[in-house]
Amino acid sequence: MQSPITIRIGERARQRIQREGFQAADVAIVPAAAGGPKGLILNGLDQWMCGDFFKQARRPRKLIGASIGAWRMAASTFADPVAAHKRLAHLYANQRYPAKVDAAYVSRTCRALLEELVDGRSAEMLSSPDYHLSVITVRGAGPLANAAGSRWRETSGFIRAALGNAVSRNRLAGSMQRVIFHDARDDAAWLKRSFDAFEGHFVGLSEANVHSALMASGSIPLVLEAVTDIPGAPAGAYWDGGLIDYHLHLPYQRDPGLVLYPHFSDHIIPGWLDKSMPWRRARDEALENVVLVSPSPAFLSRLPNGKLPDRSDFKAYGQNHDTRIRDWQKAIGESERMAEAFARWVEKPDLRAVNGFA
């Protein structure tokens, strides 16, 4: 039977695993990509990591995510992370929208989802002895600096941003800034030294801003409203962190530990606007200590519709919510096979069964 997972590893990770095996104690960072419903396929791996693997060697670990990735990583910080991941998957899959909605309606729905996920326990999330959470958001700059509340200015600003990005990713920095909300116990030093063209701001997470930060990180332009007035953060309009950091192409090589990256894709695309540009896929030294595990083509072929859940399903299924929810729940259930396969590989790593990032 074909494996349900694909594994890619960087050269430094390969050498370390060859010498020492794959040890939970070696994992320092867990990234989580934006991607909406695609993230549901990682539920099994998320439960296995936090409910089993990392318990073998408890230590502070950096969890960093954008959009649904940030929500997934937030779920990991609860005292019972397995229950939190199950709750997130259930809440996300069971979203229902009428045929015609505006951004305000979607924002209210997602805000309520987050409130139910957090369940008034933000202090618990921010005091986890094992995990330090970082949430990536985008702050509007240039033509997007004052776009919140005006659909025309927002649309115009994002069109200009997309056109600039088509020429060069560096041009996107004229329209967007990266704002990282991070655990106050972690100074995020590995990210503070510049590594790309984007201006960065760093804000400590607190009970006053964690909900707004998570909401902003998933606020897709024109689909949800921008988030403003986040306590402790620079003034401005905040949107989905995936706009800059879709698959989180970050300077992982700066950490001496390993990076365990459960991902819905076997490659890393820097920004959401780079999806149609395969030449921008990450292949550099930043991935030298990364272990990336993703669904294999054989696994995908067995899912409903032969693909990952994604945002287009809301339109494709229309008002047939029960069928969409059934199919998404089936995909979530199938994700357990990925976790089982990766757990077997971790127990006895076969480096002949993995690929690099070249």
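Predicted model: local features only at pLDDT ≥ 70, side-chain atom pairs only at ≥ 80, totals over all residues.
1. Main core. The largest nonpolar core has 102 residues, and Phe 22, Phe 181, Tyr 252 and Phe 342 touch the most other members. Helix α12 (residues 321-347) gives the most to this core, contributing nine residues. Apart from this core lies another, of 14 residues, which include Phe 158, Leu 172, Ala 237 and Leu 243.

2. Surroundings of Phe 22. With neighbours within four places in sequence left aside, Phe 22 is in contact with Ile 17, Val 27, Phe 53, Leu 258, Leu 260, Val 291, Phe 342, Trp 345, Val 346 and Pro 349.

3. Asn 209. This residue lies in the loop between β6 (200-204) and α9 (210-217). Asn 209 has a relative accessible area of 1%, and is therefore buried. A polar atom of the Asn 209 side chain lies 3.1 Å from the backbone oxygen of Pro 231. Not counting residues up to four places away in sequence, Asn 209 touches Phe 181, Val 203, Gly 204, Ile 230 and Pro 231.

4. Helix α4. The 13 residues of α4 (residues 81-93) should span 18 Å at 1.5 Å a residue, which agrees with the 18 Å between the end C-alpha atoms. Buried in α4 are Pro 81, Ala 84, His 85, Leu 88, Ala 89, Leu 91, Tyr 92 and Ala 93. The buried residues of the helix pack against α2 (43-51), α3 (68-76), α5 (103-118) and α12.

5. Salt bridge at Asp 26. Among the 22 salt bridges of the structure is the pair of Asp 26 and Arg 16, whose closest N and O atoms are 3.1 Å apart. Asp 26 sits in the loop between α1 (11-20) and β2 (27-32), and Arg 16 in helix α1, 10 residues apart. At a relative accessible area of 10%, Asp 26 is buried. Arg 16, Arg 19, Glu 20 and Asp 26 are linked in a network of salt bridges.

6. Salt bridge between Lys 62 and Asp 255. The closest N and O atoms of this pair are 3.7 Å apart. Lys 62 belongs to strand β3 (residues 61-66) and Asp 255 to the loop between β7 (238-240) and β8 (258-262), so the pair ties together parts that are 193 residues apart in sequence. Lys 62 is partly exposed, at 22% relative accessible area, whereas Asp 255 is buried, at 11%.

7. Salt bridge between Asp 274 and Arg 280. These side chains meet at 2.7 Å, N to O. Asp 274 counts as buried because its relative accessibility is 1%, and Arg 280 counts as buried at 14%.

Methods:
Residues numbered from 1 in each chain as written. Heavy atoms only, no water. Core = buried A, V, L, I, M, F, W, Y, C linked by side-chain atoms within 4.5 Å. Buried < 20%, exposed > 50% of the residue type's maximum accessible area, 1.4 Å probe, protein only. Helix = DSSP H or I, 4+ residues; strand = E, 2+ residues; numbered from the N terminus. Contact = heavy atoms within 4.5 Å. Polar contact = N/O pair within 3.5 Å; in protein donor to acceptor, adjacent residues only side chain to side chain. Expected span 1.5 Å × (residues − 1). Salt bridge = Lys/Arg side-chain N within 4 Å of Asp/Glu carboxyl O.
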